[in-house]
Each structure stands twice: as structure tokens, then as C-alpha cells.
Amino acid sequence: QDAGNHTLLGEFILSGLSSRPELQHLLFFTICFMYSMTLIGNLLICMATAHPTLHTPMYFFLRVLSFLDISTASVVVPKMLVNTLSEDRSISYLGCVTQLYCVVFLASMEWYLLAAMAYDRYVAVCHPLRYPAIMSTRACLSMVLLSCCSGQVVSVVQTAWVFTLPFCGPRRINYFFCDIPPLVLLSCADTSRYERQLISATVLVIFTPFCLILLSYTCIISSILRISSAESRHKTFSTCSSHLTVVTLYCASGTLIYLQPKSSNSQEAKKVLTSIYTTVIPTLNPLIYSLRNKEVKEVLIRGMAVLMKK
């Protein structure tokens, strides 16, 4: 079917990660491998953190983060894999709306969850005696629910605004999934006001949680520096280093994708950055947390040993 037919049917065409035919099979197997690692790694983290010895707020938040990583990858990657080997790269109007809504919801919720995780580390380091009272089960569930509601609001507003724009001509999205920037480029209306609103929303979703994270870690580092023992300082900081690494990865990629001016970053470069955000980082998260966390490693090793005996 050609572009005109897709326009009449209310469908969009995804250009994919690359238009070069010789790269399609390599991309397919690479993405498939990364997706498999994302599923396996995050499922292992979910199972490990459900162990009775790891029933603490930090591991509860980590389990939710792993679930979000699986969900984000699953919203984007399967369709991307199909399109990599298929000539028909169409996606229905409803499918595009659903994909955009889910991506924005999950990404927004992830950022607010990372802020909640930073607050958890702040209380653990700066107020250890009050930690059980402050980070109660009810408080943890409330933080996750608040992250969910915040992500929901952001997603509904952004998705509604994007799909009220008039799309003119062939609905060919120069991207591998339905995301806000490439959809805005399809509009024949003046989008300057919407682009300013998008920057404001990005600041709200990324930089507001980031400022809370930065404030938490400023207090954490200040407390660590007051510890007299070098060994204790290292041990205390090691409990925060995994989370800090993940925040840095998310912030760097998210900022480059959504806050770069059009003239300074091509659409092809944004595709690469977004593929890192949606496929590489969810794969790295389990490695970062398991390799840097002795308790998680011990549970995983014990679990593997039990499976091997069976």
C-alpha cells in the first residue's frame, strides 16, 4: 500500500531505525538480543528482590523500576522488530495513540520513581534511626501511586495535545515508534507554541525530579563526608552509587532527545539516542544494580545454585 492509501485509512508509516536494507538483519538480531537481555535481567531482579531477605523499601522500588523497564521495552521493541524485516511498516491511528500514551506514561512514571528512590537513600543515610518509621510500607506504596498518577496526567495531556494537531500529506513518521517530536513534524499547522509547551513538560518531567534527586544527594554527600571512617564512607556511598549511575544515564539521554534545538541534532541522531533510551538502558539497569549490590548478587547466585541442582 502506498502513502496515500495509509493517509486515507488513518494509518501512519514508521520509517524504522534505518532505511539501509543491508543493515536490517543485523539490526533485527542486535535488537532481539538486547530485548531478550532486558526481559531476562529485569525478571531476575524482580524475582531476587521478592526474596524475604530483601523486603526493604530500596528493593521494593527496584522491583517496580524493573517492571517499568520491561513494560517500556515491550511497548516499543516488538513492533520495531516486526518492522525491521517487514515491508509493511504501517501502524494504525489507534495503535499510534496507544503507543505514544504508554511510552510517555512509563517514562514519566520512571522519573518520579527515581526521585522516590533518591529520597529513600536520603532517609537511609541522613536519618537512619527514623528510617523504618518514615519509609513504611504505606509510605512506599503512596510514593509509587503518586508516581503513577503523575505519569498518567502527563501522558493524557501530552497525547491529547499531539493528536489534536492536523496531520497533512503522507503520514510517514521518520522514527521507529510513535513519539512526540516526529509526530509534531508531520503537522501542517504552526507548532511553535506546542514546541514551547513540550519543553516546559520535559522540564517538569525530567528536571523537577532531577532537582529533587540532586537535593537528596547533596544532603547524602554532606552526611557521608562527616563520617570519620573511610571504610564506612565507602560502604555508605556504595549503597547509592547504582541509583546515581542510572539517574545519570536517564538524564543525559532524555535531555539530548527532547531539549536539543532542531538545528543542532539531526533526526537520525535522535533515533540513535532514543534507541539507547528504550533498549540499551533497560538492559543495563539489572547489570548496574546486580553487579554493584552484594545482597542481590548473593540471592541470584543462591537461586541459580538451586536451579542447577534440580
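Colleague: Which side chain does the side chain of Arg-89 join in a polar contact?
Modeller: Keep in mind that this is a predicted model. Arg-89 is found in the loop between helix H3 (57-85) and strand E2 (90-92). From there, a polar contact of 3.3 Å links its side chain to that of Gln-24.

Colleague: Which side chain of opposite charge is nearest to Arg-89, and how far away is it?
Modeller: Arg-89 is buried yet has no salt bridge. A salt bridge would need a side-chain nitrogen within 4 Å of a carboxyl oxygen. The nearest side chain of opposite charge is Asp-88, at 8.5 Å.

Colleague: Which residue has its backbone oxygen 2.9 Å from a polar atom of the side chain of Arg-89?
Modeller: Arg-89 touches several residues beyond four places away in sequence, including Phe-12, Ser-18 and Thr-84. Gln-24 is also among those it touches. The backbone oxygen at 2.9 Å from its side chain belongs to Asn-83.

Colleague: Is Ile-40 buried, partly exposed or exposed, and what is its relative accessible area?
Modeller: Ile-40 lies in helix H2 (residues 24-49). Together with Phe-33, Met-37, Leu-43, Leu-44 and Met-47, Ile-40 makes a nonpolar surface patch of about 560 Å². Buried would mean under 20% and exposed over 50%, so Ile-40 is partly exposed, with a relative accessible area of 45%.

Colleague: And across the protein, what percentage of residues count as buried?
Modeller: The protein has 11 helices and three strands. Its accessible surface comes to about 15600 Å². Of its 310 residues, the share that counts as buried is 48%.

Technical notes:
Residues numbered from 1 in each chain as written. Predicted model: local features only at pLDDT ≥ 70, side-chain atom pairs only at ≥ 80, totals over all residues. Heavy atoms only, no water. Patch = residues over 30% accessible without salt bridge, like charges linked within 9 Å, V, L, I, M, F, W, Y side chains within 5 Å. Areas by Shrake-Rupley, 256 points an atom, 1.4 Å probe, with all protein chains shown as cover. Helix = DSSP H or I, 4+ residues; strand = E, 2+ residues; numbered from the N terminus. Buried < 20%, exposed > 50% of the residue type's maximum accessible area, 1.4 Å probe, protein only. Lys, Arg positive; Asp, Glu negative; His and termini not counted. Polar contact = N/O pair within 3.5 Å; in protein donor to acceptor, adjacent residues only side chain to side chain. Contact = heavy atoms within 4.5 Å.
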